[in-house]
Amino acid sequence: MGRLLQRGTAVLALKSGDTASDFILTTVEGQVVSLSRLLHTGRSVLLVFLRHLG
Amino acid sequence: MAQLRQRQDDFERLNVQVLVISFGTEDWAKAWLEETGAPFPLLLDPERRVYRAYGLGRSVLRVWSPKVLWRYLRLMMAGRRLKPIQGDPHQLGGDFIVDAGGIVRLAHPSRDPTDRPSVEALLKVLCETGKGGV
């Protein structure tokens with residue numbers, strides 16, 4: 001996808017082969033989830049980013 | 001999401017953790033969980049930092065294509081209740097598979113709401129990912 005310009009900020013689209021960006025987010029239930037910690041247990045991860053509608 | 005839920009056992013068998021990420025508010029997220037019955041953790045990213053880190057920006061021109069409008073019209077005709085607009089309808093979504101080594105194995109930003117990989121396609125990549133294949 002290459003480089004996308006979003007309001008003057010360059011957003012690099014991640015693609016296959018890239019290193020995934022690590023993150024720490026909280027679930028609706030208040031549980032803290034760290035991607036790197038999860039991967040460390042040997043699991044693969046499927047990330048489903050929701051859109052707004054449907 | 002219904003498709004993903006149906007294949008929950010397959011994800012577990014393949015030792016895959018499914019994470020759903022939303023930029024909505026906590027209330028919106030809870031309502032979504034209740035409506036979809038999604039059995040996966042739902043992470044909140046209201047500032048969309050992670051969305052951006054994965055290259056998911058906003059697309060005003062592409063969201064309301066004829067194909068997309070037709071899809072929503074069909075849903076409405078089928079009586080499906082659509083959630084009220086809250087926040088940003090132009091934010092793109094997407095599906096990503098990350099292997100245990102932290103490498104992206106599939107990156108599928110959603111160009112429009114009808115553009116998502118099938119669950120079969122996802123499982124195929126996950127199967128290969130688990131075997132350590134390319």
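Start by selecting Arg7(B): its relative accessible area is 23%, which makes it partly exposed. Here buried means under 20% relative accessible area, exposed means over 50%, and partly exposed is in between, using a 1.4 Å probe and protein chains only.

Before moving on, some ground rules. This is a predicted model, so local features need pLDDT of at least 70 and side-chain atom pairs count only at pLDDT 80 or more, while totals for chains, interfaces and linings use all residues. Residues are numbered from 1 along each chain as its sequence is written, chains are lettered from A and ligands numbered from 1 in the order in which they are written, and side-chain values use heavy atoms, leaving out hydrogens and water.

**Stop 1**

Helices (H or I, at least four residues) and strands (E, at least two) are DSSP runs, numbered from the N terminus. A salt bridge means a side-chain nitrogen of Lys or Arg within 4 Å of a carboxyl oxygen of Asp or Glu. Glu120(B) is partly exposed at 47% relative accessibility.

Next, pick Arg116(B) and Asp95(B), whose side chains form a salt bridge at 3.2 Å, N to O. Arg116(B) is in the loop between β4 (104–109) and α7 of chain B, and Asp95(B) is 21 residues away in strand β3 (residues 94–98). Buried or exposed: which is Asp95(B)? Asp95(B) is buried, at 3%.

Now try Asp99(B) and Arg105(B), another salt bridge, at 2.9 Å, N to O. Asp99(B) is buried too, at 11%. Then select Arg7(B), Asp10(B), Arg13(B) and Glu120(B) together: salt bridges with shared partners join them into one network.

**Stop 2: strand β3(B)**

Show β3(B). Five of its five residues are buried, so the strand is largely enclosed by the rest of the structure. Look at both faces: Gly94(B), Phe96(B) and Val98(B) are on one side, with Asp95(B) and Ile97(B) on the other.

What does β3(B) pair with? It runs antiparallel to β4(B) over five bridges; strands count as paired if DSSP finds at least two bridges between them. Ile97(B) has Leu106(B) as its bridge partner. In this hairpin, with five residues between the strands, Gly102(B) takes a positive phi near 85°.

β3(B) also pairs with β5(A), antiparallel over five bridges, with Val48(A) partnering Asp95(B).

**Stop 3: across to chain A**

Stay on β5(A): six bridges join it, in parallel, to strand β1 (residues 16–22) of chain B. Ser44(A) stands opposite Val16(B) there.

Finally, select the whole contact (heavy atoms within 4.5 Å): 37 residues come from chain A and 66 from chain B. How many salt bridges cross the interface of chain A and chain B? The rule finds zero. Elements giving two or more residues to the chain A side include β1 (3–6), α1 (35–40) and β5 (44–49) of chain A. Of these elements, β5(A) gives the most, with six residues.
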